[in-house]
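Please look over the sequence and the structure below before reading the briefing. The notes that follow are grouped by topic.

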Amino acid sequence: MDLFQIIALLIIVSAIYSYINARFIKLPGTIGVVTLAIIGSVITLVMEHLDPDIAKYLTGLAKNINFSTTVLNVMLGFLLFATAFNLDTKKLKKEMRPILILSTIGVLLSSALFGAIFYLVSGFVHIHIPLLYCLLFGALVSPTDPVAVAAIIKGSKLPANLETIISGESLFNDGIGLVLFITILEITQSSSQNIDFAKASLLFVQEVFGGIALGVVSGYTAFRLMKSINDFQTIVLVSLGLVMFDSVVASYLHLSIPLAVVTAGLFVGGRSINADHKEKSHEALEQFWTLIDEILNAVLFVMIGLQMVNVPFINNYWITGGISIVIILVARWLSIMLPLTFLRRTLNINYNSVNILTWAGLRGGISIALALALPDSPYRHLIQSGAYFVVIFSIIVQGLTLNKLINASFKKD
């Protein structure tokens with residue numbers, strides 16, 4: 001199956017699932033598309049055993065897509081840039097302290113807590129996995145997904161400050177979580193005697209601050225270029241070139257792609273590129289990136305559903321999945337509650353919001369992409385399956401009930 005066939009089939013399947021959901025099922029877009037894609041994958045797996053010829057196209061599509069490369073190196077930059085570009089930077093600045101604390105300390109705490117609890121619990125159910133791999137598992141499921149979060153809370157009755165905190169945290173913790181994952185993965189691939197923690201720390205700092213610096217420089221340059229012209233076609237091309245430039249340069253220099261494109265998106269989106277009061281270039285560019293976001297969003301969640309064909313659900317993996325779901329919710333709750341307990345004045349979050357922040361911690365394509373990118377090891381399939389359970393539960397179960405929790409919580413207030 002060549003590249004054009006893969007893209008064509010992916011767009012066709014996305015269009016069919018989106019239409020069926022919009023016309024008949026009428027679930028929130030993200031949830032409906034993922035649900036239909038999972039049902040389609042289950043049917044494909046059944047048909048593959050009954051009549052391989054009938055299922056070969058969907059099976060071939062799922063197996064020919066390099067999900068990790070496609071998401072992390074191609075789609076992620078555009079999705080994060082689109083979300084950051086359309087975020088209200090004035091509201092973001094007001095809530096910057098809780099966003100930074102939750103997206104840094106919160107992710108580190110969640111990863112450590114998940115790893116430690118999973119290591120302890122797995123021993124009781126006779127699943128043997130080293131602590132380091134438990135921490136690696138925690139690093140890939142701890143970051144919340146900005147694409148999934150934005151799609152679910154859009155139009156909810158969430159207070160403006162809490163919506164900004166949830167959206168902002170999910171944007172920044174992607175970059176921190178990805179860097180943490182890479183750092184722990186480097187350690188797992190070294191022998192225990194050769195672990196260089198100074199080198200690992202340097203890598204972490206380089207990825208984080210290097211990515212932010214790249215985003216500031218490239219975002220400023222692109223902003224000046226776009227503001228100096230009135231031709232909308234060229235403005236769009238400059239914005240697309242900005243995302244691709246950051247993705248390529250960050251990958252080459254081993255910097256964080258998510259942090260680079262998010263920083264660039266916030267920088268450009270927070271400043272009007274309109275040449276004068278008569279021009280509406282900035283508003284048109286917002287609409288363009290909203291459209292890109294919604295199209296890629298649908299394609300991404302179809303891909304998530306299709307990847308079920310490639311994930312092994314056998315033996316104790318169902319147990320692992322159930323345990324992972326419970327532990328990530330506990331770790332998420334504690335990673336919010338602990339900073340809130342010690343930094344309540346800094347965070348400006350009340351205790352009533354902890355449950356909402358916990359339940360709004362949706363996982364998505366990034367967690368699956370990182371899991372599928374794991375190198376061969378005795379624990380690879382176990383982590384992949386656990387991550388898939390966590391993602392599907394968060395999108396479907398948490399996604400369907402999040403707005404009900406929000407309404408119930410603020411009805412009491």
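Leucine 140 is buried in this predicted model, because its relative accessible area is 0%, and buried stands for under 20%. Leucine 140 belongs to helix α7, which covers residues 131-141. From leucine 140 to leucine 162 there are 22 residues in sequence, and their C-alpha atoms are 24 Å apart in space.

**Other residues: cover and distances**

- Isoleucine 153 sits in helix α8.
- With a relative accessible area of 1%, isoleucine 153 is buried.
- Isoleucine 153 is 253 residues away from isoleucine 406 in sequence, while the two C-alpha atoms are 9.6 Å apart in space.
- Aspartate 246 is part of helix α11, and aspartate 246 counts as buried because its relative accessibility is 0%.
- Between aspartate 246 and valine 302 there are 56 residues in sequence and 26 Å in space, taken from C-alpha to C-alpha.
- Arginine 97 is placed in helix α6.
- Is arginine 97 buried or exposed? Arginine 97 counts as exposed, since its relative accessibility is 55% and the cut-off for exposed is over 50%.
- A gap of 47 Å separates the C-alpha atoms of arginine 97 and isoleucine 43, which are 54 residues apart along the chain.

**Helix packing**

- Two packed helices are described by the angle between their axes and the distance between the axes.
- Helix α8 (residues 146-153) packs with helix α9 (residues 160-188) at an angle of about 165°, and their axes are 9 Å apart.
- Helices α8 and α9 are therefore roughly antiparallel to each other, as this word applies to angles over 145 degrees.
- The crossing made by α8 and α9 is left-handed.
- Helix α4 (residues 67-85) packs with helix α17 (residues 365-372) at an angle of about 130°, with a distance of 7 Å between the axes.
- This angle makes α4 oblique to α17.
- Where α4 passes α17, the crossing is left-handed.

**Helix α17**

- How many of the 8 residues of α17 are buried? The count is 8 of the 8, so α17 is largely enclosed by the rest of the structure.
- The buried residues of α17 are Gly365, Ile366, Ser367, Ile368, Ala369, Leu370, Ala371 and Leu372.

**Salt bridges**

- The whole structure was searched for salt bridges, and 2 were found.
- One of them joins glutamate 169 and arginine 332, whose closest N and O atoms are 2.7 Å apart.
- Glutamate 169 lies in helix α9 and arginine 332 in helix α14 (residues 317-342), so this pair ties together parts that are 163 residues apart in sequence.
- Glutamate 169 and arginine 332 are both buried.
- Aspartate 376 and arginine 380 also meet through their side chains in a salt bridge, at 4.0 Å from N to O.
- Is aspartate 376 buried or exposed? Aspartate 376 is exposed, because its relative accessible area is 73%.

**Nonpolar surface patch**

- Which residues form a nonpolar patch on the surface? The patch consists of Ile105, Leu338, Phe342 and Leu343.
- Together these residues have about 360 Å² of accessible area.
- Isoleucine 105 is located in helix α6, which covers residues 96-124.
- Isoleucine 105 counts as partly exposed because its relative accessibility is 37%.

**Positive phi angles**

- Lysine 26 has a phi near 60°, which is a positive value in a residue other than glycine.
- Where is lysine 26? Lysine 26 lies in the loop between α1 (3-25) and α2 (29-50).
- Lysine 26 counts as exposed, because its relative accessibility is 62%.
- Histidine 254 is not a glycine, yet its phi is positive, at about 60°.
- The loop between α11 (232-253) and α12 (257-269) holds histidine 254.

Key:
Residues numbered from 1 in each chain as written. Predicted model: local features only at pLDDT ≥ 70, side-chain atom pairs only at ≥ 80, totals over all residues. Heavy atoms only, no water. Patch = residues over 30% accessible without salt bridge, like charges linked within 9 Å, V, L, I, M, F, W, Y side chains within 5 Å. Areas by Shrake-Rupley, 256 points an atom, 1.4 Å probe, with all protein chains shown as cover. Helix = DSSP H or I, 4+ residues; strand = E, 2+ residues; numbered from the N terminus. Buried < 20%, exposed > 50% of the residue type's maximum accessible area, 1.4 Å probe, protein only. Axes fitted to C-alpha atoms, helices over the stretch in contact; angles between N-to-C directions. Parallel < 35°, antiparallel > 145°, perpendicular 65-115°, else oblique. Left-handed = near helix turned anticlockwise from the far one by under 90°.
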